[in-house]
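Have the sequence and the 3D view open side by side, and we'll go topic by topic.

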Amino acid sequence: MSESKAENVHQLSLAISFENRSIQATVDLNSSYSSLLKYICGQLFKLPSPDNFALRVGETEELVTEENYRRRLRVAKSLKVVSAPTVEARELFEKLGTTEEKSLKLAVFSIQKNLKDVEFVDEFLLLGGLNSLTKIIGSSNGNVLAYALNSLLSIMQHEYGWENIQPEFVQTLVNIIVEQNLVNICRPATSILIKLVCADSTAKSAVQCYGFNFVYSAILDAPNFFNVLVHRLSAADYLLQKNSLTLMNGLLDHVTDAHRFDLLDKLEELRVKKAVMSMMQSNSDGEILKHLLEFQRLIIRDLNRKKRSNPLNYPKQKEMLEFIWTAASIPGSMSPDWFMIGFDTETPIKELQRVGLLGFLCMHSFVDRNRDFYAKSILEQVSRQPERRCPFAKVCFEVIELLCDYWDINVGYTTNTVVQPLLLAFDSVHDITVKAFFRMWTEMKATITDFAKVSALVRSQIFFTLRDEPKIYLYQFEQSMLEVPYHVVRERQLKELEQEDDLLSKLAVRNLRERLYKESYQFVKEQRISCLSNGAWFNSAPVKTKGKPTYRFYKLSPNRKYLHYAEFSDILPNKLSLEQLPEKVDLSLVTSIVTGSAASSLNRKPASSLTNPTSGVSGIYNFSLMYGPDITLAEFYTPIETLFSEWTDGLNMLFDKNIANKDTAELIQSLTELELKVHLLDITAEQVELPSYCEIPELPSNFDFYYRDASNEGGSIMN
């Protein structure tokens with residue numbers, strides 16, 4: 001079929017109304033929007049100055065513009081002639097100056113529903129509407145305050161025009177969050193603060209002049225802020241709970257180095273991880289899932305940062321080491337003997353560099369929270385022959401490595417699409433696992449040469465216990481690690497070893513897996529984005545209408561900044577070029593991707609919350625690109641689940657967001673394991689014993705030597 005035959009009919013019959021009058025008329029989509037508006041205003045309704053008027057879709061109240069009028073009119077049944085957004089903006093701005101509460105309430109309420117239109121926003125900001133709203137927020141309460149906050153939030157959804165917010169207003173906003181209890185006030189106030197926190201140099205929007213430091217100075221002047229925020233993580237109102245978690249994520253994601261430890265210590269003191277862990281174990285589905293996964297990602301990133309940090313630079317390292325030695329209570333030892341604690345040398349701080357600040361803090365935390373167990377264990381080990389001692393320090397290091405391996409902490413990010421609540425109890429899990437290591441050591445009657453075997457047994461039990469982690473509570477983990485009989489653990493491990501080579505548990509192999517995981521993630525990311533670049537056909541609507549169905553072809557531009565598309569009555573056999581796709585979506589405007597069953601277009605869920613989407617009655621999968629909470633930039637419908645997965649995850653990866661679909665996560669994992677086995681083919685053939693850790697020798701005292709090539713009788717120097 002030729003392309004001309006595939007185009008839609010351009011003559012449409014629509015009911016057009018103005019005030020109480022309605023006329024049935026035929027409009028031509030080949031004409032421009034301005035010509036159409038002049039015809040409707042001048043010829044049909046005899047209205048003067050067409051520039052003072054605009055068109056809206058009768059069913060949805062959506063504004064018709066030069067950019068979207070063909071698309072809007074194709075699906076519309078009726079049109080309304082209304083005042084132009086610029087006219088409405090001028091009229092409503094003037095009403096903001098009134099001192100009469102009822103008139104002010106009506107004006108602010110009317111403003112918030114018009115701010116989704118760019119034309120209205122531009123005129124409103126030009127008139128000084130931003131300053132007017134901030135003054136109203138600082139001096140009002142009740143519904144006026146709620147409407148004004150929602151209006152300001154709507155302006156901020158446009159990602160421009162709010163560069164002049166003053167620090168005094170941020171302080172007002174923080175005080176509102178702390179002092180107000182009404183959810184219709186707290187929700188938009190929290191959302192505004194989120195926008196300010198995220199508006200730093202990393203933001204994709206034009207507004208990059210705020211950020212963490214700008215907001216944190218106001219938070220410090222409100223001592224109860226974090227108490228209130230953590231308390232609202234368990235709020236009855238779902239949206240308030242979600243917004244509070246989103247703000248927490250924003251603070252953690254954008255905190256600067258100068259305030260990082262202060263923020264983390266404050267949140268640790270308020271037990272925020274326990275609050276979020278409770279959310280994961282009780283409410284880990286629906287829209288809030290993506291925010292829980294984001295918190296989980298940020299915790300992994302923070303743990304990775306700590307593991308890479310040198311404990312030598314930690315200001316409290318000397319007193320922490322002194323506490324670890326003193327708490328051991330070794331009889332007759334006047335000065336530290338670090339061999340007795342389980343270090344390999346007398347310079348423990350250097351050995352701690354293997355596990356970084358994370359390992360140091362976890363070791364100190366274990367000693368502090370388990371003083372009796374620690375002192376008793378050290379005394380017991382000291383009384384044994386050196387080769388039969390279980391080295392406490394080395395055990396702590398090994399447990400850190402095992403847990404970091406399980407939770408992808410060494411990588412620094414994760415593609416996991418399910419919550420991992422016990423990650424948020426990392427210190428407690430570490431404590432339990434250290435005790436389990438000592439238990440296995442005793443049960444096995446191990447010697448120092450058996451260290452790797454004990455580690456493999458503990459690793460096996462960790463992975464087995466956490467096989468269904470979202471449903472596992474901390475007390476269940478403790479029971480499995482400390483109470484399951486040794487012979488049960490050992491028998492299960494032997495069965496596992498029949499299927500899996502012990503080589504895979506070695507530290508060197510785990511490090512290799514981490515590197516390959518990053519490579520696999522990047523490979524799948526490029527593959528998914530290439531699907532967008534190649535383009536694909538989607539249905540224009542979720543279900544067949546009375547007329548012939550239409551289709552849209554979407555294609556990502558080479559610079560990855562725009563998504564081009566056009567609508568056709570049939571799927572064309574040939575690939576389409578960008579010149580054939582006149583309409584486009586500016587991807588810098590996309591604030592979220594929502595998705596759900598096409599059976600109900602109103603029942604959407606965030607893309608990152610749908611790990612295994614199911615089609616609706618029509619068998620169609622759908623997702624949308626959103627600009628703010630209300631404006632849809634593009635809609636996609638397809639009966640093909642793989643296409644749905646490729647495009648939702650392709651867009652998520654393009655925006656550097658978490659992947660949404662389980663099959664993509666499994667593909668990354670499968671590629672990683674496949675590459676790992678290929679890399680290990682030579683090693684596994686020889687069954688080479690890989691040490692779990694090795695000391696790097698000092699440089700030679702001089703370089704006056706060379707390596708002799710045994711195959712060369714005359715000898716040679718090999719470079």
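Before we start: two residues are in contact here when they have heavy atoms within 4.5 Å. With that in hand, take Gln381: leaving out residues up to four places away in sequence, it touches Arg388, Arg389, Cys390 and Phe438. Keep in mind that this is a predicted model. The protein has 719 residues, and buried ones make up 51% of them.

**The overall picture**

- You'll find 30 helices and 13 strands in the protein.
- Of the contacts with a separation of 6 or more, 66% are between residues 24 or more positions apart.

**Aromatic pairs**

- Searching the whole structure turns up 37 aromatic pairs.
- One of them is Trp162 with Tyr210: the ring centres are 5.9 Å apart and the planes sit at 10°, so this pair is stacked. Planes under 30 degrees apart are what count as stacked.
- Now for Trp441 and Phe451: their ring centres are 6.3 Å apart and their planes are at 65°, so you're looking at an edge-to-face pair.
- Trp441 belongs to helix H23 (residues 426-444) and Phe451 to helix H24 (residues 451-465), 10 residues apart. Both Trp441 and Phe451 are buried.
- Which residues form one aromatic cluster? They are Phe538, Tyr554, Tyr565, Tyr621, Phe623, Phe636, Phe644 and Trp647.

**Arginines over rings**

- Arg459 lies over the face of Phe463, at 4.3 Å from the ring centre.
- Arg492 does likewise with Phe464, where the distance to the ring centre is 4.3 Å.

**Cysteines**

- How many disulfides does a search of the whole structure find? The count is 0.
- Cys404 shows why a bond is ruled out at one spot: the closest cysteine sulfur, in Cys362, is 8.2 Å from its own, too far for a bond. For a disulfide, the sulfur atoms would have to be within 2.5 Å.
- Cys404 is buried, with a relative accessible area of 1%. Cys531 also counts as buried, at 13% relative accessibility.

**Asn and Gln side by side**

- Asn249 sits in helix H13 (residues 238-254) and is buried, with a relative accessible area of 5%.
- The Asn249 side chain reaches the backbone oxygen of His291 at 3.0 Å. Beyond its neighbours within four places in sequence, Asn249 is in contact with His291, Glu294, Phe295 and Leu298.
- Asn150 is in helix H8. Buried or partly exposed? Asn150 is partly exposed, with a relative accessible area of 27%.
- Asn150 is in contact with Gln112, Asn184 and Pro188, setting aside neighbours within four places in sequence. The C-alpha atoms of Asn150 and Gln112 are separated by 6.4 Å, although the two are 38 residues apart along the chain.
- Back to Gln381: this residue lies in helix H21 (residues 371-382), and at 5% relative accessibility Gln381 counts as buried.

- As background, most residues other than glycine have a negative phi.
- Glu19 isn't a glycine, yet its phi is positive, at about 55°. You'll find Glu19 in the loop between strand E1 (11-18) and strand E2 (21-28), and it is exposed, with a relative accessible area of 69%.
- Arg560, also a residue other than glycine, has a positive phi near 60°. Arg560 is in the loop between strand E7 (551-556) and strand E8 (562-568), and it counts as partly exposed at 34% relative accessibility.

Definitions and conventions
Residues are numbered from 1 along each chain as its sequence is written. This is a predicted model: local features need pLDDT of at least 70, side-chain atom pairs count only at pLDDT 80 or more; totals for chains, interfaces and linings use all residues. Side-chain values use heavy atoms; hydrogens and water are left out. Rings of Phe, Tyr and Trp (its six-membered ring) pair if their centres lie within 6.5 Å; planes under 30 degrees apart count as stacked, over 60 as edge-to-face and the rest as tilted. Helices (H or I, at least four residues) and strands (E, at least two) are DSSP runs, numbered from the N terminus. Buried means under 20% relative accessible area, exposed over 50%, partly exposed in between (1.4 Å probe, protein chains only). A charge sits over a ring if NZ of Lys or CZ of Arg is within 6 Å of the ring centre and within 35 degrees of the ring normal. A polar contact is a pair of N or O atoms within 3.5 Å; within protein, one must be able to donate a hydrogen and the other to accept it, and residues adjacent in sequence count only if both atoms are side-chain atoms.
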